[in-house]
Amino acid sequence: MKERGGSRAAVDERYAQWKSLIPVLYDWFANHNLVWPSLSCRWGPQFEQATYKNRQRLYLSFQTDGSVPNTLVIANCEVVKPRVAAAEHISQFNEEARSPFVKKYKTIIHPGEVNRIRELPQNSRIIATHTDSPDVLIWDVEAQPNRHAVLGATDSRPDLILRGHQENAEFALAMCPAEPYVLSGGKDKSVVWWSIQDHISGLGDSSKSETSPGASGSKHSKTANEKDSPKVDPRGVFHGHDSTVEDVQFCPSSAQEFCSVGDDACLILWDARTGTSPAVKVEKAHGGDVHCVDWNLHDVNYILTGSADNSVRMWDRRNLGPGGAGSPIHKFEGHKAAVLCVQWSPDKASVFGSSAEDGFLNVWDHEKVGKKKNPNSPGGLFFQHAGHRDKIVDFHWNSSDPWTIVSVSDDGESTGGGGTLQIWRMSDLIYRPEDEVVSELETFKSHLASCTPRA
């Protein structure tokens, strides 16, 4: 216990130091305390633009202890625009409070805990969720009735149920950027691929919503039991992993190509046009379980993987070749615990983020590898978000608001429960070209000099 207390004190000291630097490091920052941990956080559609801020949907979940139901939460988030927030305001927040920028919009009572949320790029009101079951659940979040999460309340009814796994599929989940396809991986070691093309056209019909948006309770419970959700069978089931599949991702430019990673430490590339066996299999992609994978939106040759071996690796699929030959282009080693999530930035092709059980969210630029000015920092690392005090289980870049990230930590170990949701944007002085930044600072300096009262 003494050792644990010591590490707790170290975390608290690190956090206090980080908090004092918020006005320097961030253009905007919001902290939102969660009563229950959320294992996933995703941006939904932006629905309003104003002078100083935009409003956008945010998808979260509450993983409860059973005293109240597990829920899928749709929130409305106010995203403050760049260079609007005052530095002294963004650093003044209470860790135990909810953020005024995040307001709950709708609650869906979820059948089991929500392990993963993914939105459909073609229609961001359609989302998929994973729970501790073999099924993937599809929800039309706008048509779903708003529910009160009270003990004994009946589960909300999914708009579709995707069948195909033989065992629980808990985490690996992806939606295709090119077509309305869904991909999932599970404990049955398989990757399952569905098309929901024929089904989503009927979703969003308000007549399907059994109760008015404010209603809850018995009326919904009755209809939920009377009407079963439509079931969808897979287009393909792909076999090649020797253990649980932890994450899957579509190729951004092709609905027929995708990749997967798992507890067998393999990275597998698949091509549905050539069958259900691996197109390329990289054995021992890492020195441990591989938890996460992402495919570069801007350059489809590049793939990232993150692992229990604490590292992030970047792969060029042109180098992988038949027989699984090939090694990563680069290994990014800056985390001190298992990497749980990796994602390429939508704003710059060479930038990506990684979050881990060490409580850090690192932002990297692979073009900076070999050009480091600080010999003590890992190659490519140029920003470290240290606002969480426990493992960061998920984060998501905002494709509507550049350089804006939502991240969530499960604070069960540090505070005994709950979670912390943070929405933040690093200062643009950190990522803009150096000559631009120097020029701006020089202008600012001369402006300050002209404002100085003469003796």
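**View 1. The interface of domain 1 and domain 2.** Between domain 1 and domain 2 an area of about 2100 Å² is buried, 66% of it given by carbon and sulfur atoms; buried area here is the accessible area (1.4 Å probe) that two parts lose on being put together, summed over both. On the domain 1 side, Arg14, Arg116 and Leu162 lose the most area to domain 2, and together they account for 26% of what that side buries. The model is predicted, so that local features need pLDDT of at least 70 and side-chain atom pairs count only at pLDDT 80 or more, while totals for chains, interfaces and linings use all residues. Residues are numbered from 1 along each chain as its sequence is written, and side-chain values use heavy atoms, with hydrogens and water left out.

**View 2. The two domains and their contacts.** The domain assignment, which is automatic or from a database, gives domain 1 as 1-162 and domain 2 as 171-198 + 230-386. Their C-alpha centres lie 23 Å apart, and 25 residues of domain 1 are in contact (heavy atoms within 4.5 Å) with 26 residues of domain 2.

View 3. One salt bridge, defined as a side-chain nitrogen of Lys or Arg within 4 Å of a carboxyl oxygen of Asp or Glu, is counted between domain 1 and domain 2. Arg116 forms a salt bridge with Asp247, and the closest N and O atoms of this pair are 3.5 Å apart. Among the elements that give two or more residues to the side of domain 1 that touches domain 2 are helix H1 (2-20), strand S6 (116-120) and strand S7 (123-130), helices (H or I, at least four residues) and strands (E, at least two) being DSSP runs numbered from the N terminus. S7 gives the most to this side, with five residues.

**View 4. A salt bridge between Lys19 and Glu95.** The structure holds 23 salt bridges, and in one of them the side chains of Lys19 and Glu95 meet at 2.9 Å, N to O. This pair links distant parts of the chain, 76 residues apart, with Lys19 in helix H1 and Glu95 in the loop between helix H3 (87-90) and strand S5 (102-109).
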